[in-house]
Amino acid sequence: MTEQSLGLEGRVVVVTGATGAIGSALARGFTGAGARVALLARRKLPLETLAQELSGLACPVDILDTAQLAGAREAVVEQFGTIDILVNAAGGNIPDATLDVSASPFDLGLDATRDVVELNLMGPLTTIAAFGPALEASNADDRSILNVSSTAAARALTRVGGYGAAKAGLENITRWLAVELGRRGAGIRVNAIAPGFFVGEQNRRLLLGDDGEPTARGRRILEQTPLGRFGDPEDLVSTALWLSSPGARFVTGAIVPVDGGFGAFSGV
């Protein structure tokens, strides 16, 4: 796909979780497609470094803090004049919400699980509530919200039940918002991508050993993935760009898996 075919030249894109593996790959992808990017994340130093690389705007925020999000929205509109696309890439699991391999599911840490739900469901919802009015005010012909879900939303994965439940909720909210905004003629489409297994800071120890080789869990995942490898964050970029572009102007309420075939394979 070229910049011309995508139609993202000059669009203003807000990316949350911008310092993470997926968020930073998406931010680079949108920049490469000619968009202007505002980058949101909690870690100030890597955020500012990325913003400098991409000639973007750094907005250090906690996505659960409505006041910080309001300030970020105002900063983006002041800098760029509008907001056309919102990408909710912030999220992830929490170690204390990951069930020990030998533990009972009744031992699941409830406080940590609440934190996972807050981060992965309420975080995107809070961000959408903060930036939604600015999206409605945009004069762009095509505006969109893109959420980052997970293969854990559609299939029960051992040890990470809270994370899967939160992402399942996010997918339901994605469809609900698509219907509500479409029916009221808001001009905003809402979709999600559902990555398969991508190695990042939060899951590295679950998937890879200290020697860089797959753990027992990692090997089982690769056996269930027809393409036979873990995903690379760049594998998500073209799908995210398409869903956010005018080329997908009749696509809303869709959850697009990018998982190497994991969700399609029965294991037999």
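**Group meeting: salt bridges, sheet and an aromatic pair**

Let me begin with glutamate 136 and arginine 184, whose side chains meet in a salt bridge at 2.6 Å, N to O; the term stands for a side-chain nitrogen of Lys or Arg within 4 Å of a carboxyl oxygen of Asp or Glu. Glutamate 136 lies in helix H5 and arginine 184 in the loop between H6 and S6, so this pair ties together parts that are 48 residues apart in sequence. Helices (H or I, at least four residues) and strands (E, at least two) are DSSP runs, numbered from the N terminus. Glutamate 136 is partly exposed at 38% relative accessibility, while arginine 184 is exposed at 55%. Here buried means under 20% relative accessible area, exposed over 50%, and partly exposed in between, with a 1.4 Å probe and protein chains only.

A word on the basis of these values. This is a predicted model, in which local features need pLDDT of at least 70 and side-chain atom pairs count only at pLDDT 80 or more, whereas totals for chains, interfaces and linings use all residues. Residues are numbered from 1 along each chain as its sequence is written, and side-chain values use heavy atoms, with hydrogens and water left out.

How many salt bridges does a search of the whole structure find? There are five. Among them is the one between arginine 114 and aspartate 111, with the closest N and O atoms 2.9 Å apart. Both residues lie in helix H5, three residues apart, about one turn of the helix. Arginine 114 is exposed, at 52%, and aspartate 111 is exposed too, at 57%. Aspartate 235 is partly exposed at 29%, as is arginine 229 at 45%.

I turn now to the sheet. In what order do its strands run? Seven strands form an open sheet in the order S3-S2-S1-S4-S5-S6-S7, with parallel pairing; two strands pair if DSSP finds at least two bridges between them. At the edges are S3 (57-60) and S7, each pairing on one side only. From one strand to the next, the twist averages 20°. Strands S1 and S2 (residues 36-41) pair over five bridges, and valine 15 stands opposite leucine 39 in S2.

Helix H5 (residues 110-137) packs on this sheet, touching S1, S2, S4 (85-88), S5 (143-148) and S6, and its direction makes about 175° with that of S4. Helix H6 (residues 161-183) also packs on the sheet, where it touches S5, S6 and S7 and makes about 160° with the direction of S6. Axes are lines fitted to C-alpha atoms, for helices over the stretch in contact, and angles run from 0 to 180 degrees between N-to-C directions. Contact means heavy atoms within 4.5 Å.

Next, threonine 19, in the loop between strand S1 (12-16) and helix H2 (21-32). Leaving aside neighbours within four places in sequence, threonine 19 is in contact with Ala41, Arg43, Pro46 and Leu47.

Finally, the structure holds one aromatic pair. Rings of Phe, Tyr and Trp (its six-membered ring) pair if their centres lie within 6.5 Å; planes under 30 degrees apart count as stacked, over 60 as edge-to-face and the rest as tilted.
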